[in-house]
Amino acid sequence: MSDAVLHVRNLVTVFHTDAGPVRAVDGVSFSVGKGETLGIVGESGSGKSVTAQSLMRLLDPPARIEGGQVLFEGRDVLTMSPRELTAWRGANAAMVFQDSLTGLNPVLRILRQVTEHVVAHGRMDARDARRHGIELLRRMGVASPERAAASYPHQFSGGMRQRVMIAMGMANDPTLLLADEPTTALDVTIQAQILDLLAGLNEKFGTAIVLISHDLGVIGTICKRIVVMYAGEVVEEGPTADVLSDPRHPYAWALANAVPRLDAPIADRLPGIEGAPPDPLAMPQGCRFAPRCPWRIERCGTERPPLAAVAPGRLARCWVTADGRSLPPRTVPAHAKPPESSTTEPLLVARDLVKHFPLPKKSFFGAREVVHAVNGVSLHVMPGERLGIVGESGCGKSTLARLVTRLHTPDAGHIRFDGQDIATLGGEELRQLRPRLQMVFQDPYASLNPRMRIGDILAEPLLVHGRARTAAEAGERVGALLDMVGLNPSWAIRFPHEFSGGQRQRISIARALGLEPALIVADEPVSALDVNVQAQVLNLMLDLRERMGLAYMFIAHDLAVVRAFCDRVAVMYLGRIVEEAPARDLFAQPAHPYTVSLLSAVPEPGRQRVVLGGEPPSTLRLPQGCAFRARCPVAQPVCAEPPPPTEIAPGHRVLCHAPGSFKGMP
Amino acid sequence: MLRYVAIRLASAVVMALLASLVIFLISNFVPGDPVLAQLGDILASDPAVVAQWRAKWGLDLPLWDRYWIFLSGLLHGDLGISIATRRPVLEDIAQYAPATIELATVSFLLALVVGIPLGVAAAVWRDSIVDAVARAVSLLGVSAPTFWLAFIFLAIFYGWLGWAPGPGRLDPIAFPPEGGTGFFLWDSAVQGDWETFHDALTHLALPAIVLAAATLGLITRTTRAAMLECLHQDYVRVARAKGLKERAVVLHHALRNALVPVVTLGGLAYANLLTGAVMTETIFAWPGLGRYTFRSAAALDFPAIMGITLVVSATYLLVNLVVDLSYALLDPRVRR
């Protein structure tokens, strides 16, 4: 490893909390060669981000680096003087952060932010830096870079801001670029653009890249080698393809298998591993994964395994695979019976729903601008069915969810639920309807009142709707509900902050279940969760459906999750459903060019992708004709006309002039 | 940006009109009869005298006519004649206002110049000695009552140490500087009369410090809190990762964002200093608006009260306008 750019040895970072020291990074070692791409993967709390920030010495107290070496081209970053450190940071090693909204300073112009460190490091004077900055923005694919340079961050979309962040990182042509979850906040098609950009930087300029992500798909598309972290330790390291196909640490196995994949056979259950990461204040004595490990042997509970070679070029921290054996492959249970024949009446029917939001007027005489959120959506949900709604941010899927649950009132159109027209219900009638039609929200942190005990949160709807007459009766029901979603009934006296994200989402589901609904509309219920927790919550939702005959309207941006969970899928673009089909058909034979591109953009190792250019057009001015025309790879003159709805197979409807004409990359 | 300024200006004008109406109506509907207050019990018992008096001051006209007279007078710079001093209200105000404005402005600058750097230093070196000092200053400034502080300061610096002169704007035997704006510091400096300048400045020091205390405390605390928040933002971490020096990170990246709440507070504080100096003015025998207000209110001198209230609301409007424009300068997201 003489040509290593970065050599990390036994890095230890400790957070000195009031409750005691937490070893967030506990003896991490790895190295990155010149021009290499390394991925670091792990769930939240695994220490991957703390590792990255330790490398740059960016952590504030109470975090402290308490041991190890970070050798950058032979020099130890950890022993640099403050002056040496500022000279090194941003010049030789740069970092791209996850959230480009908070990562860019809102009050400074883009150009200044992209080039100030070029000037500060004495590379160029202000005039040259300006030219360099604009050139950088152009190279990163920022549209009209000169105007962009003079703009402020809030004038850009998330994808463009992330390009600016990368331009900022590349400004001094660093040897090493650390990217911490650079695409997590972005839509799939934009994510694909950014990943291509990063891969290109590595190819063209030989920049070594360390990519940190919780998403194995993202890592797999760029990185040749991968480091898997769990509870502050490296548990496995090796070539990406090998780790994905033949993981040697049970946690890596769980990660690789818990992620729903587009090319995997559809199973009824996602093979997540139960349990949660260990309490960082009380780490298990032996292997840290042992309490959750299905293959645990006696030694695992008492002796901490070393990170040892298990195959040429592969390291794993596991007693079970220490002798070089593989873990058993994932067993795929046969797919459950297809959804029951739909002879019954649909539970929910929506016809031609429209919802527009007028914006505040910009000037007294100017025309009022309108956000065209939902523009004529028709759909139905059968009893017990799981309907998936997918699309990128701004496509109107969340508004649609709020329309069918009547949190919003539609501007036009009809909604029939359980034989009753509910589109214009109000007051008491609407209140009567609520119990049958419940919603689960995306953010399990924001949707539970932090000042209420879990028991009270769950009891409230029961008391309000008369499902329990006394507090004691409600308390009993709450216990049963907690038990049903896999939580300990005695936890009812706890407050929301005492729970993890996955547990909170279980609580949100319990709250919706308490009123025995017929339909649960879930708006991105698992997108804020780690993959393993995501699998657990999805499995819970499947169980509950079987036990209670629930129907779901499941809204998500993650196609693989929708594929794993739903019977039928509708794809939305600019407030319309552009394609709708049984899940199997949609993923096997997508017919709308947008669906094809969307599926193709999902990062999965070893797959050729279509990278769609541009971004979804503004919802302020709807395009004439086909809404997707401007980005469509196979657009024809005829697309200026509104496309006719076509049924190309039973239940497979497409809104396109030439369905099936675009097959993706050869 | 231009449209933003135009909108702010237009709304300030509308607000000023509304304020004049509200002021007019309130002063008409407060219980208390100015006739009675001015004529005294004996004269007021004679209906003829009362009627004549009411006609003289226009109190017999319908409400809207009186408002119209009031408003058109206002546009000509006529605030009416004070019932108590028998002088045009505008003249009265012009006489008393400079003393208050001078005092308030110096206090305000003092609070800003000390408070912002102290707050920044306290946030940057959190839990250090600087931070402890800053927290003590803000606690003391906010919680110590003005009259108490004024007496303590007078007792120590005037009575005991003799460092500061006694109450008043100038030495009792000195003449006010020429120039005529009423701002003694300004006038004497323009005239090159440094002796008077020094005299005015030393007289100003104690009341300015006393008046500044509360504002200083608030500004220090707000700056510290805003800086602490900004220093933990991602963009500060990004700036450090770029290899910028700590000074650039703090001053260029964090401070400008932290100034937004400080500007809000500063605007309110300045308006407060202008109108809330009664206590300080009384103790330091400062011939300012505060004392004029107090006297006019006690005499139910409606033209004077209306005049003062108008000046005060105009000041608030002006300060608000400045605050709004500063937002636009500081934060590009506001410019729309």
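How much of chain A, with its 666 residues, counts as buried? Of these residues, 49% count as buried, where buried requires 20 or more other C-beta atoms, placed from the backbone, within 10 Å of the residue's own. The model is predicted, so that local features need pLDDT of at least 70 and side-chain atom pairs count only at pLDDT 80 or more, while totals for chains, interfaces and linings use all residues. Residues are numbered from 1 along each chain as its sequence is written, and chains are lettered from A, with ligands numbered from 1, in the order in which they are written.

**Overall build of chain A**

- Chain A holds 20 helices and 24 strands, which are DSSP runs (H or I of at least four residues for helices, E of at least two for strands) numbered from the N terminus.
- The radius of gyration of chain A, taken over C-alpha atoms, is 26 Å, close to the 26 Å that the globule rule (2.2 Å times the number of residues to the power 0.38) gives for 666 residues, so chain A is as compact as a globular protein of that length.
- Along the principal axes, the C-alpha atoms of chain A fill a box of roughly 75 × 65 × 50 Å.

**Domains of chain A**

- Chain A is divided into domain 1 (4-316) and domain 2 (348-441 + 519-607 + 615-655), with bounds that come from an automatic or database domain assignment.
- The contact between them takes 34 residues from domain 1 of chain A and 26 residues from domain 2 of chain A, two residues being in contact if their C-beta atoms lie within 7 Å.
- On the side of domain 1 of chain A that touches domain 2 of chain A, the largest share, 6 residues, comes from α8(A).

**Contact between chains A and B**

- Chain B gives 20 residues to the contact and chain A gives 26.
- On the side of chain B that touches chain A, α10 (234-241) and α11 (246-275) of chain B are the elements that give two or more residues, and α10(B) provides the largest share, 6 residues.

- Leaving aside neighbours within four places in sequence, A:Leu255 is in contact with A:Val41, A:Leu216, A:Val228, A:Val531 and A:Asn532.

Notes: Buried ≥ 20, exposed ≤ 12 C-beta atoms within 10 Å, placed from the backbone.
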